[in-house]
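Let's walk through this model together, starting with its sheets, moving on to a pair of packed helices and ending inside the protein. Keep the viewer open as you read.

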Amino acid sequence: MEEFHKVRRLPPYVFEQVNRLKASARAKGADIIDLGMGNPDLPTPKAIVDKLVDVVRDPRTHRYSSSRGIPGLRRAQANYYARRFGVKLNADTQIVATLGSKEGFANMAQAITAPGDVILCPNPTYPIHAFGFIMSGGVIRSMQVEPDNGFIPALERAIKHSIPKPLALIMNYPSNPTAHVASLDFYKDVVAFARKHDLIILSDLAYAEIYFDGAPPPSILQVPGAMDIAVEFTSMSKTFSMPGWRMGFAVGNERLISALTRVKSYLDYGAFTPIQVAATAALNGDGAEVEEVRKVYHRRRDVMVDAFGRAGWTIPAPAATMFAWAPIPDQYKHLGSLEFSKLLVEKADVAVAPGIGFGEHGDDYVRLALVENEHRIRQAARSIKKFMGASAPAPDNVVQIGARR
């Protein structure tokens, strides 16, 4: 039977091919070290869990919740933005709770996109940034991702050559998957450009608190005038090790937040109330849990860069996020990221995320997630070193001993 229209617009899910190989290998008894999915392995802090357990005992919290988020949770997010970024938000009109930033992005796309609208999207980038709009009838124009001097000229070309004029620009810093970090000065230039050309900015700030080198990543809403055109999405998944809890936020421009809130009101009743109360307690905490999470990922990053480097695979140290964006070693680059990722599962018992899954410009890379402990990361490096050594071609000027007959 012919596929439905929206399903037909979506490409095959690249990551599923690696997942099938991984599941098959594990079924046969292989010990697969999974550096593929960005699924935090750290437990949610005890104080947050205790708050959930305490609240869930109250049967009044078992009823439908509020789609836009309970008032206390929205106030806690407003206070977080005030402390962290110096940004003042109205908890009633400029904040909506989401079921993670992924759901927020997808439903924002539903809220603002008309068929044929052009969206400027990074490539490579987290898949929902593009496919949320594709499913909503939008058209994606790919953009470079590095926050450098080439970004504004690329925006100028996109504005000049896109018909119709682009509706929105998606930004993601610190970036998943590339780990690029943007400066406040960079955001100032982008906001000025967007205001001039009447562009909406949708900023994904899911990794605001997972940083290692230099100053903490800024929010685009720190730029004067950004509130007129921008919405920012954050998540508690990585910051507080709460991925399965599905708790995030969209904050910023009142008109855009209102549109998202209205769409969500037809689609969900919000997260379970005890989860929202526990999330409120997390946001109102002293930040000690966040600092510990950051330290763990920092140590894992350093171990990965060192161990993989010793194995013969040079990996640039990411300044932020829980990912390393690793160039495929030269001798395997011709395979492309999907086949190289399959090879690592089959020959090294290591799973990674193929860069092609984040866009065609990611095909020379794979993404490594810092979701295994330091011992397992070193174990992965040893397996990869053994695999690379075994598959290395023999020098042309050496005659193998076994061949002398």
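Two strands count as paired if DSSP finds at least two bridges between them, and the elements themselves are DSSP runs numbered from the N terminus, with helices (H or I) of at least four residues and strands (E) of at least two. This is a predicted model, in which local features need pLDDT of at least 70 and side-chain atom pairs count only at pLDDT 80 or more, while totals for chains, interfaces and linings use all residues. Residues are numbered from 1 along each chain as its sequence is written, and side-chain values use heavy atoms, with hydrogens and water left out.

Begin with the open sheet of 7 strands, whose order is β2-β8-β7-β6-β5-β3-β4 and whose pairing is mixed. At its edges lie β2 (95-98) and β4 (139-143), each pairing on one side only. From one strand to the next, the twist averages 20°; angles here run from 0 to 180 degrees between N-to-C directions, and axes are lines fitted to C-alpha atoms, for helices over the stretch in contact. Within this sheet, β7 (residues 230-235) and β8 (residues 248-252) run antiparallel and are joined by 5 bridges. Thr234 stands opposite Phe249 in β8.

Helix α9 packs on this sheet and touches β2, β6 (200-204), β7 and β8, its direction making about 40° with that of β2. Contact means heavy atoms within 4.5 Å.

What does α9 (residues 254-267) pack against at an angle of about 105°? The partner is helix α5 (residues 100-112), and the two axes are 9 Å apart. That makes α5 roughly perpendicular to α9, a label for angles of 65 to 115 degrees (under 35 is roughly parallel, over 145 roughly antiparallel and the rest oblique). Among the contact residues are Met108 and Ile112 of α5 and Leu260 and Val263 of α9. The contact divides into 8 nonpolar, 3 polar and 2 charged residues. Here Ala, Val, Leu, Ile, Met, Phe, Trp, Tyr, Cys and Pro count as nonpolar, Asp, Glu, Lys and Arg as charged, and the others, Gly among them, as polar.

A further open sheet has 3 strands in the order β9-β12-β11, with antiparallel pairing. Its edge strands are β9 (323-327) and β11 (353-354). β11 pairs with β12 (residues 365-369) over 2 bridges, and Pro354 stands opposite Val366 in β12.
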